[in-house]
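Okay, thanks everyone, let me put this one up on the screen.

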Amino acid sequence: MNIKQSIRYDSERSNEFTKEVMARPGGEMIQACIQCGTCSGVCPMSNYMDRTPRQIIYMAREGFGDEVLRSRTIWMCTSCYACTVECPRGIKITDVMYALKRMAMERGTYPQRFPTSTMARDFFNMVRKNGRINESRLGFLVFLKTNWMRLLTSAGLGLDLIKTGRFSLKQEQIKSKNELNSILSGNGRPE
Amino acid sequence: MQYSYYPGCSLKGSGRAYEESVLAVFDHLGIELKEIDDWNCCGATAYMSVDERRSFALAARNLAISERDMPESPMVVPCSGCYVTLNKTCHVVKDYPAIKDDVTKALDRAGLKWKNQVPVRHPLDVLMQDVGLDRIKEAVVKPLKGLKIAPYYGCQIVRPYAEFDHQIHPTSMDRMFEALGATVVHYPLKTKCCGGSMTGTAPEVGLRLVYLLLKEAAKREADLMATVCPLCQFNLDAFAKEAARAYGPVNMPVIYFTQLLGLAMGLSEEKLGLQRNIISAKNALKGAAAAAAR
Amino acid sequence: MMDRGNGNGRSDLRIGVYVCHCGINIASMVDVKRVAEQAAAMPNVVVARDYKYMCSDPGQEMVQQDIRELNLNRVVVAACTPLLHEPTFRGACERAGLNPFFCHMVNIREHDAWVHEDREKATVKAIDLIRAAVRRVKHHKALERRTVPINPNVLVVGGGIAGIQAALKIASAGRHVYLVERELSIGGHMAKFDKTFPTLDCAACILTPKMSDVKKHPNITLWTYSEVDKVDGYVGNFKATVRRKPRYINEDTCVGCLECIDACVFKEPRFTDEYNEGLSKRKPMHIPFPQAVPQVTAIDPETCLRFKTGKCKSSCVTVCDRNAIDFDQKERIEEINVGAIILSTGFQTFEPKDRLPQYGYGIYDNIYTALEVERLVNSAGPTEGEVVLRDGSKPRAVGIIHCIGSRDTKSNIWCSRVCCMYSLKLAHLLKERTGAEVYNFYIDMRTPGKGYEEFYNKLLEEGVHFIRGKVGAVNDWAITPEEEGRLVIRVEDTLGGFVRRVPVDMVVLSTGLEPHKDAEDVRRKFNISCSPGGFFLERHPKLAPVETASGGIFLAGCCQGPKDIPDTVAQAGAAAAEALALIDKGVVELEPNTAFIDAESCSGCKSCLSLCPYTAISFIEAEKRAEINEALCKGCGTCVAACPSGSIIQNLFEDEEIFSEIAEVLSNG
Ligand SMILES: Cc1cc2nc3c(=O)[nH]c(=O)nc-3n(C[C@H](O)[C@H](O)[C@H](O)COP(=O)(O)OP(=O)(O)OC[C@H]3O[C@@H](n4cnc5c(N)ncnc54)[C@H](O)[C@@H]3O)c2cc1C
Ligand code: SF4
Ligand code: SF4
């Protein structure tokens, strides 16, 4: 048996991390959490997470940044806002999850082959380029990059969609791409 | 009254039946929906996960165009994902001056102005509040008698911004279906998330959620499920077979609430896009009608 | 009292300035030494000192000594809020022979040190404020307090355990009490319980003797089914109007034999019994519970056939050999004069139905509020203490969910303080009566009280489950076979760090305590204030916990904030003692900061009449001018500011006092 220590040293945490989360929209209130667990109780995904939403809030507040950003939890959040509307302290947990996703991407600590983050980036690029999304193409791209075997199991699905007129690989585009470019250029965060 | 209309990417793709039925129903009720000129993707969950600042600017472009072209008109947004993203943009810009500044500058670069005066509304909200159940009842020519419906609201239509209904226990659709003559079954999962894009990215999770939602509706003896969101409909309809293979047999058609409304108003199945369902609702509808006749 | 002259001539003004450190409360943000030095150089200031605790004995002594030795005739104290220590320093001046109203306080704590972050600016602000006060006191006049006699009777509003306790204490001290209760019986919430934590003694055994003592006591006038409509007057001399609703039974002749209930033409009880939280039925002729005080029945006109149709053979009348039934009974109005009032109106429990639908109350049958379960386990309740569910079955597993409507920004932000303990009590009783598996879902276990932690330990040893986590949802969605047909609680077990689904047959919602719906009306009626959550506000949270800002009005029990029975009883005793202390003095001193009208310049426009919140202003038709009743005026200043002809003057707030203060604070020193 491989015996590992479960102790956390204070050097593993930093107040800077807490401050950074709190500086992002929605993160302001994490220190108000009373650890009641309502968020995890209502979260439809909490049974698939490695850390419950409550634990994420707690660890973010304590400043265990690495562990938080490496957690699968932030990528399992589907932004259903159940936690946000139920939290007795008014903490915008969904927005905290968003903030953590972005922090993970900025630092490159996210699971590289984890489809959720891959999809987010492909989606992002498609919008940047065309102004609109083609779901069929997006699905294709994600499968190819992460789990191409799924294309086979999903072949039936593709056929069904074609039959019902819901499948198209034609890329929808907006007309004023210049307008879009100028909106998306400038002082956003570097990609 | 005229409304501006933001379809979003899904309603032009896999959710075409939603657009078809929304437009047909509104047209039948004499309400004009005018599509926003050259709209772009709202950004959705994914864009927000990568670059929040610009995701708001991206969403705001649509709001600015709507405000410029139809300053008096609320914006109708059928897709729950778009609905929450656009609403969030309005709220965040109000709450965070720095983001407002950012968004204003970005729009400025594109020569757009935005005063944040266009309310973003869901068709369910417009139908319940502005049109009202009385007018809806008047328009019913083929009551949905005998049809048992599980109303499925999903998450983002009621959370976190919508004020027209309860965030955990909404009842708008329930009341609407009862007005159409249908029976609404007790469905405790009415606002449980469908898993969103998990069906694609974490299938073992996404498919299980799909299975649980469908199975519960079947257990409650619903003939079909009604939804308000193209993503929910896609997950529950398109992944039903795969979910059944993975977790057990289940057969539960899922259609849009506007399709049910259209049917009760006597519009044709074709016009409402019912043929686009993978798990067809036609038998369920016929069966219920037959049962009611008996 | 020796008067050292009003010193209005500049040359004979002799001012002392006293700057308090308040420990480090003020000194850490204000350079008190510098402030005192600057003050010493201000016009007419004879002496300026700073001191660590000005309110302490040596501090006060310092002021008194200066008055005597330096012949001061004005005193300026720069310290905390006058709410706290104005009486202290006025008292010091008085003892040294100076009219107390020559003393003026400058608040450099709440208005300065506590609200600023820049020490330099805060120091300058303190100096400015003191300079303004130094200029103001020049205009102060010697004022006299008036005394008026006190009416020795006391009004107690609300007959829960708090009101009962307070009334008995005052009555046994020989004073007369009017106890006004809105419901048919006194007893409040406590009368509904079977057992009380942590000793599990029977609620009825300890409460009912007190209730009948109230009824029997010669010094207590008990008016149930009554409400206070109006209160006029002021400390020592209140006039209250009480509305006594008709119960259609003559209280003086009814002996409580209850035969009329048996005789009622409705053979079976058919109407919702409010007292049993709707868990049983009653007849139109009813009594809330067997030990009710007074032992008098009542007719509910909403359901009584005689009232509804006019046609009923009224067998109740036939059977009553005391002739106590009176269908023509009318509402009665009583007017009483009292010197002190104790409010003990209690609380209501949080209503979860529409406010928190996620817990399924009102959707699923077998979800109960704690108060309903109190009735269910009560041997005098609807099931005689047997725990059977609405569907007739017995629970195999019970989930008790804490903090419903408490500790939540969406409902009530406060901890309701008694729910952890009553949840433990109910857990024990339910386990004892049914043998069910009992789960408590809590956020934090709060058991601060004598014997409370011990009670928690006992419950742990009884094998009750304690799951730390606020429940997310309760519904009938079954995933596993053992969940079928039951209620399922989804929760994060925060100590285990995982999500759990717990199937149960009965759910108890431990609903929190909140102010009555009409607390705001009552507050206005009695002219007191509410805390942010809506409970009545005490004058000081630590040092005057049963007084209110309105003299002569005291608080007892849960109307002031959630508390258990021991604390309620203690507080009721304290309120009684305060009321007695006031009354036994025989007279009240009234502050002289009242307003008066200059008869010459009053134009008779009547603008002020409707503005006065204490109805102290009347109009003398013959002379076409308004007049203020000094005894009623509380010195709020509303009329002073509103008078278009500037004819209303207020002691201590005369124009030249205020204007000189403003002018100086705005000048550059
Ligand atoms: C479910 C539950 C279980 C509890 N169990 C325990 C326990 O085991 N042990 C314990 O120590 N504490 C317990 N408590 C707390 C206990 O109930 C309170 O401490 C106690 O009832 C407070 O008494 P009170 O007189 O202040 O208020 P109340 O009991 O509420 O009495 C107030 C009275 O005033 C009357 N009233 C209200 N408004 C007016 C008005 N405007 N005019 C005239 N009359 C009015 C009401 O009708 C009522 O009779 C429990 C509380 C709850 C909710
Ligand atoms: S619901 Fe809110 S307060 Fe409770 S644990 Fe989650 S974040 Fe903290
Ligand atoms: S928003 Fe995310 S974390 Fe919150 S309940 Fe939904 S899935 Fe869970």
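One definition before we start: I'm calling something a polar contact when two N or O atoms sit within 3.5 Å of each other. And keep in mind that this is a predicted model.

So, ligand 1. For Thr345(C) it's a backbone N or O atom, 3.5 Å from a ligand oxygen. How much of ligand 1 does the protein cover? It's 97% of the 1,000 Å² of accessible area that the ligand has on its own. The elements giving two or more residues to that shell include α5 (161-172), α12 (419-434) and α15 (565-584) of chain C. In total 36 residues surround ligand 1, with Lys425(C), Lys563(C) and Ile565(C) also among the closest. By class, that's 15 nonpolar, 13 polar and eight charged.

Over to chain A, which has 12 helices and zero strands. Of its 191 residues, 56% count as buried. Ligand 2 has 13 residues around it, and the closest are Cys33(A), Cys36(A), Gly37(A), Cys39(A) and Cys87(A). Eight of the shell residues are nonpolar, three polar and two charged.

In chain A, Glu20(A) pairs with Arg24(A), closest N and O atoms 3.0 Å apart. Is Arg24(A) buried or exposed? It's buried, because its relative accessible area is 7%, while Glu20(A) is partly exposed at 26%.

In chain C, Glu227(C) bridges to Lys245(C) at 3.4 Å. That pair links distant parts of the chain: Glu227(C) is in strand β11 (residues 226-234), Lys245(C) in the loop between β12 (237-244) and α7 (259-263), 18 residues apart. Then there's Lys230(C) with Asp232(C), at 3.5 Å. Both ends are partly exposed, Lys230(C) at 45% and Asp232(C) at 29%. We also have a network, where shared partners join Glu86(C), Arg90(C), Glu94(C), Arg145(C) and Glu591(C).

Last stop, the surface. Phe659(C), Ile662(C), Val665(C) and Leu666(C) make a nonpolar patch of about 390 Å². Leu666(C) lies in helix α18 (residues 655-666), and it counts as exposed because its relative accessible area is 66%.

Note on methods: Residues are numbered from 1 along each chain as its sequence is written. Chains are lettered from A and ligands numbered from 1 in the order in which they are written. This is a predicted model: local features need pLDDT of at least 70, side-chain atom pairs count only at pLDDT 80 or more; totals for chains, interfaces and linings use all residues. Side-chain values use heavy atoms; hydrogens and water are left out. A residue is near a molecule or strand if one of its heavy atoms lies within 4 Å of it. A polar contact is a pair of N or O atoms within 3.5 Å; within protein, one must be able to donate a hydrogen and the other to accept it, and residues adjacent in sequence count only if both atoms are side-chain atoms. Accessible areas come from the Shrake-Rupley method with a 1.4 Å probe; for residues, only the protein chains shown count as cover. Helices (H or I, at least four residues) and strands (E, at least two) are DSSP runs, numbered from the N terminus. Ala, Val, Leu, Ile, Met, Phe, Trp, Tyr, Cys and Pro count as nonpolar, Asp, Glu, Lys and Arg as charged, and the others, Gly among them, as polar. Patches are made of residues with over 30% relative accessible area and no salt bridge: like charges are joined within 9 Å, nonpolar side chains (Val, Leu, Ile, Met, Phe, Trp, Tyr) within 5 Å. A salt bridge is a side-chain nitrogen of Lys or Arg within 4 Å of a carboxyl oxygen of Asp or Glu. Buried means under 20% relative accessible area, exposed over 50%, partly exposed in between (1.4 Å probe, protein chains only).
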